Amino acid sequence: MGSQAVVQVDSSLPVLIFVVPLATALVIFLFGRISTVLREGAAFVGLFFTFLLSILIAHRILQGEVLTYWGMYFYVDGLSSLMELLGSSMGFIVVLYSLSYVAHHPRLGDMAERRLRVYYGLILLFLSMMNLTCATNSIIMLFVSLEATTLATAFLVTFYWSRESLEAGYKYLLLVTVGVTFALLGLVLLYSASIPYLPRSRILLLTELGRIGTKIPGNIVLLASALIIAGFGTKAGLVPFHAWLPDAHAEAPIPVSALLSGIVIKVGAYALARTITIFSPAFPALVLFVAVICSVSMLVGMMMALVQDDIKRMLAYSSISQIAYVVEGVGLGTYLGVYGGLFHLMNHTIVKALLFLTAGALMFAAGSRKISELAAQRRRMPITAFCFFVGALAISGVPPFNGFLSKFTIFLALAEQGLLWAAVIAVITGFLSIACFGRAAYQLFWTTPSDAKEGNPGEIIREVPPTMWAGMLILAGLSIAIGFYPQLVHPTLDRATNTILTLLAGP
Amino acid sequence: MAWVTGDVIITLVVAHLLASIAAAEVRNLKLSTAALCAQSVFLSATFAAFAVLSQNPSLYWWALTTLLTKAILIPWLLFYYMRRLPKLEVKPVIGFAASLIFLLIFLTAFYQFVHTHIEFIAPTKEALVEPARSNLAIAFTIFVLGLYVVMARRDAFKIVIGLILLKNGVHLSLVTLAPTLPETAIFGITTDVIVAAFLLLYLTERIYQQLGTVDTVQLSTLKR
């Protein structure tokens with residue numbers, strides 16, 4: 001376990017990382033009407049610089065630094081850096097994919113210029129708010145910026161303005177806003193209880209929560225934690241707060257689904273890691289509560305995924321199951337648990353985005369999202385098929401792919417803490433997901449279409465354009481690379497885990 | 001201003017609660033919005049009274065922002081969108097008379113329960129004594145009332161009113177529990193509420209334009 005000395009350095013990077021995408025979003029909103037250069041072009045430039053900044057931050061963090069700005073008000077450590085790195089790289093892949101997918105979509109219709117402007121602007125705005133969520137150190141601003149990520153993505157869900165997407169968007173906005181308000185109540189209780197211990201400042205810092213947490217009454221911590229789990233759990237999509245998730249994922253455009261599953265729900269997991277994990281060593285009841293909720297979530301999510309014929313809904317329910325692994329690991333508050341949780345967070349971001357993008361490729365080429373209808377088609381899409389197989393194997397936790405490593409770490413972490421029943425449920429869910437994704441892969445790519453048997457050649461569906469499969473290949477490559485060579489990401493994960501462990505409330 | 005006592009605050013808070021129930025129960029959406037506006041005015045007045053009582057000038061700032069955003073801006077947004085939407089609420093799952101009786105009984109019981117067992121919720125000793133004790137109980141009661149409206153009503157517009165009630169309940173608990181909260185945090189929280197209300201109202205209008213109804217039960221076609 002690396003426990004190198006950490007140096008706090010004053011730097012403007014924590015602010016730049018959200019100001020750059022925010023400025024880009026403004027440029028797109030204001031001038032995106034004029035030409036594609038100021039719309040797609042600006043989005044790429046903004047994303048490129050955001051990505052560069054997140055690399056720069058990750059580099060500084062690995063040197064043993066923690067970046068602060070404006071006193072301690074902005075605070076970027078290993079965990080923030082990991083989230084920002086994932087966010088900006090996913091943003092890049094999603095925008096690249098959108099070039100072909102969204103711009104040429106038949107449902108776009110007239111006013112395409114204006115709607116594309118809003119689309120790219122909102123993606124950049126979301127990225128900015130997400131980076132703010134990860135950079136802020138104030139407990140109340142954590143809520144404010146997290147709520148802003150929901151507000152920024154609402155009109156991305158309703159992008160098609162169809163009956164279904166309107167319903168999904170309304171549900172998403174309402175349920176997540178109400179849910180996250182519970183978290184605000186919890187955060188305010190913590191804030192209020194901490195006031196006597198905030199000598200100079202009026203701000204409760206997330207990094208101070210561990211130190212103050214042991215001084216405030218235990219019943220307040222537990223009540224606040226329950227409210228926070230309900231609130232940020234809604235954002236993350238844990239059962240029973242998940243009602244918005246399948247609809248929003250299924251009715252949003254595919255790149256937005258990839259963004260929702262890959263990053264947006266992870267913001268909820270991040271917020272839980274910043275608050276609940278801090279208290280877990282001091283409050284064993286909390287660990288048990290999180291383990292129960294997560295075990296229910298993973299089982300229910302996977303069983304719902306098994307019975308879906310709609311490929312997007314299947315992937316959405318699987319996300320509920322996978323985010324439960326993340327939260328369960330992170331909620332343990334031990335090195336192994338947090339490491340496994342964050343590792344799975346990273347892997348799920350890569351793999352679920354990959355699966356959504358391959359599903360999008362199938363829908364784009366074949367025009368259906370029902371597995372049964374897709375199975376009956378003749379396709380020649382080798383790249384899509386390869387990517388889907390990598391994604392399906394990785395998410396089911398089959399060795400040697402990346403999903404296996406992180407799931408296995410979480411099994412070990414649960415067993416280490418004596419939560420054997422939870423480890424067993426997690427293993428069972430793993431087998432269920434092999435069944436679920438094995439069935440989908442078999443139906444989609446291995447069955448012979450019925451009309452082919454009758455000697456009817458029919459039309460053969462071709463591969464999607466390179467702007468779409470490029471991102472898919474990058475993600476599939478990452479999934480394989482991390483699976484075979486986990487040392488690639490170990491320093492980043494180790495640093496992120498250790499930063500959380502130093503902030504924990506003493507037992 | 002010696003006349004501002006704990007009793008004034010409790011009077012204001014009770015008026016605030018009654019206005020909240022009116023906003024939740026009145027079927028005419030114009031009147032319901034007006035009740036919501038009155039509710040926010042009482043909320044703002046409560047903050048001003050608190051400022052006098054606790055000699056905390058930063059609470060005047062709370063009172064002013066509450067008045068501007070919750071009593072003027074949000075009702076204006078609601079009235080603006082109402083012009084293009086049905087004026088009468090879609091009949092809810094629970095009938096109006098039954099709902100009102102249920103609410104009065106439930107809210108009284110809930111208030112009594114929270115007020116008696118406040119030590120489980122109150123994080124500080126200050127919150128255990130009046131008027132903070134009653135305030136906190138009312139804040140949680142209004143939160144629950146808003147939650148009830150969001151869950152039990154079918155009208156998309158009324159659900160937005162419920163959401164704002166819920167947020168106002170949290171706002172009251174903020175002032176009671178954490179009057180020292182920095183201005184940036186208040187600004188952020190208030191902005192979130194306004195933007196959320198605006199986006200939901202915009203979506204409601206689009207839903208009405210496309211489907212000719214604001215009934216969320218008719219809207220839900222997506223399978224579970």
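This is a predicted model: local features need pLDDT of at least 70, side-chain atom pairs count only at pLDDT 80 or more; totals for chains, interfaces and linings use all residues.
Let's start with helix H2 of chain B, residues 29–54, and its packing against H6(B). From H2(B), the residues that meet H6(B) are Leu29(B), Ser32(B), Thr33(B), Leu36(B), Gln39(B), Ser40(B), Leu43(B), Thr46(B) and Phe47(B).

Now over to chain A, for another helix pair. Here I'd like you to find H12, residues 311–332, and H13, residues 335–366. The two axes come within 7 Å and cross at roughly 170°. With an angle over 145 degrees, H12(A) is therefore roughly antiparallel to H13(A). The contact of H12(A) with H13(A) involves 15 nonpolar residues, along with eight polar and two charged.

Stay in that neighbourhood for a moment, friends, and look at the loops. Asp310(A) and Arg369(A) form a salt bridge through their side chains, with an N to O distance of 2.8 Å. Where do the two partners sit? Asp310(A) is in the loop between helix H11 (284–306) and H12 of chain A, while Arg369(A) is in the loop between H13 and helix H14 (371–375) of chain A. The pair links distant parts of the chain, 59 residues apart. Over all chains, the structure holds 14 salt bridges.

Which helices of chain B face chain A? Helices H5 (132–152), H6 (156–177), H7 (183–211) and H8 (216–219) of chain B each supply at least two residues to that side. H7(B) gives the most, with 17 residues. Taken by class, the side of chain B that touches chain A has 31 nonpolar residues, eleven polar and seven charged. In total, 49 residues of chain B are in contact with 47 residues of chain A. Between them the two chains bury about 4300 Å², and 71% of that is on carbon and sulfur atoms.

Let me finish with some backbone details in chain A, for those of you who like to check torsions. The peptide bond from Val239(A) to Pro240(A) is cis, with omega near 5°. Pro240(A) belongs to the loop between helix H8 (218–236) and helix H9 (244–251) of chain A. There is also a cis peptide bond joining Pro399(A) and Pro400(A), where omega is about 5°. You'll find Pro400(A) in the loop between helix H15 (382–395) and helix H16 (402–416) of chain A.

And then there is Trp70(A), a residue other than glycine with a positive phi, near 60°. Trp70(A) is in the loop between strand E2 (65–69) and strand E3 (74–76) of chain A. Thanks, everyone, and I'm happy to chat.

Technical notes: Residues are numbered from 1 along each chain as its sequence is written. Chains are lettered from A and ligands numbered from 1 in the order in which they are written. Side-chain values use heavy atoms; hydrogens and water are left out. Axes are lines fitted to C-alpha atoms, for helices over the stretch in contact, and angles run from 0 to 180 degrees between N-to-C directions. Helices (H or I, at least four residues) and strands (E, at least two) are DSSP runs, numbered from the N terminus. Angles under 35 degrees count as roughly parallel, over 145 as roughly antiparallel, 65 to 115 as roughly perpendicular and the rest as oblique. Ala, Val, Leu, Ile, Met, Phe, Trp, Tyr, Cys and Pro count as nonpolar, Asp, Glu, Lys and Arg as charged, and the others, Gly among them, as polar. Contact means heavy atoms within 4.5 Å. Buried area is the accessible area (1.4 Å probe) that two parts lose on being put together, summed over both. A salt bridge is a side-chain nitrogen of Lys or Arg within 4 Å of a carboxyl oxygen of Asp or Glu.
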